[in-house]
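Please look through the sequence and the 3D structure shown below before reading on. The report that follows takes up ring pairs, a helix and a strand residue in turn.

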Amino acid sequence: MIYNYKLTNEADKDLSNIFDYTENEFGFNQAVKYLTDLKIVLLKIYKNSEIGKNRKDLRKGLFSIPEQSHIIFYLKEKEAIIITRILHSSRDFQKFL
């Protein structure tokens, strides 16, 4: 049974960078809304870790799910979902994973 989700340091930095970029480009309210939307998906993953796509092409045990312009990557562990990265869909995923 999975009890929670955790962000890696990289994923935490990803969220911070996403917020900063969105705020600079689209304003504070849009940045808050975008991060809220991302965090809703994190809760969906926590509630049902099977909703993501298996990304064994990138790394064994890795899953992903898209949210707007970003892809959330995660691992399923016994007692937690580990959010490894939140990357823009245009990124070279192998370089950052």
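## Aromatic pairs, a helix and a serine

Across the whole structure, a search finds 2 aromatic pairs, where rings of Phe, Tyr and Trp (its six-membered ring) pair if their centres lie within 6.5 Å, and where planes under 30 degrees apart count as stacked, over 60 as edge-to-face and the rest as tilted. This is a predicted model, in which local features need pLDDT of at least 70 and side-chain atom pairs count only at pLDDT 80 or more, while totals for chains, interfaces and linings use all residues. Residues are numbered from 1 along each chain as its sequence is written, and side-chain values use heavy atoms, with hydrogens and water left out.

| Pair | Centre to centre | Angle between planes | Kind |
|---|---|---|---|
| Phe19 and Phe28 | 5.9 Å | 80° | edge-to-face |
| Phe63 and Tyr74 | 5.7 Å | 20° | stacked |

Phe63 lies in strand β3 and Tyr74 in strand β4 (residues 70-76), so this pair ties together parts that are 11 residues apart in sequence; helices (H or I, at least four residues) and strands (E, at least two) are DSSP runs, numbered from the N terminus. Both Phe63 and Tyr74 are buried, a word that means under 20% relative accessible area, with exposed meaning over 50% and partly exposed in between (1.4 Å probe, protein chains only). In the other pair, Phe19 is buried at a relative accessible area of 18%, whereas Phe28 is partly exposed at 47%.

Phe19 also belongs to the buried residues of helix α1, together with Ala11, Asp14, Leu15, Ile18 and Thr22. Seen down the helix axis, the buried residues of α1 fall within an arc of 135°, so they line one face of the helix; the arc is that of the directions from the helix axis to the C-beta atoms. The face turned away from the buried side of α1 carries the exposed residues Asn9, Lys13, Tyr21 and Asn24. Among the elements covering the buried residues of α1 are β1 (4-7), α2 (28-47), β4 and β5 (80-88). After α1 comes Gly27, whose phi is positive, near 100°.

Ser64, in strand β3 (residues 62-67), is buried at 5% relative accessibility. The side chains of Ser64 and Arg55 are joined by a polar contact of 3.3 Å, that is, a pair of N or O atoms within 3.5 Å; within protein, one must be able to donate a hydrogen and the other to accept it, and residues adjacent in sequence count only if both atoms are side-chain atoms. Leaving aside residues up to four places away in sequence, Ser64 touches Gly52, Lys53, Arg55, Ile71, Ile72, Phe73 and Tyr74, contact meaning heavy atoms within 4.5 Å.
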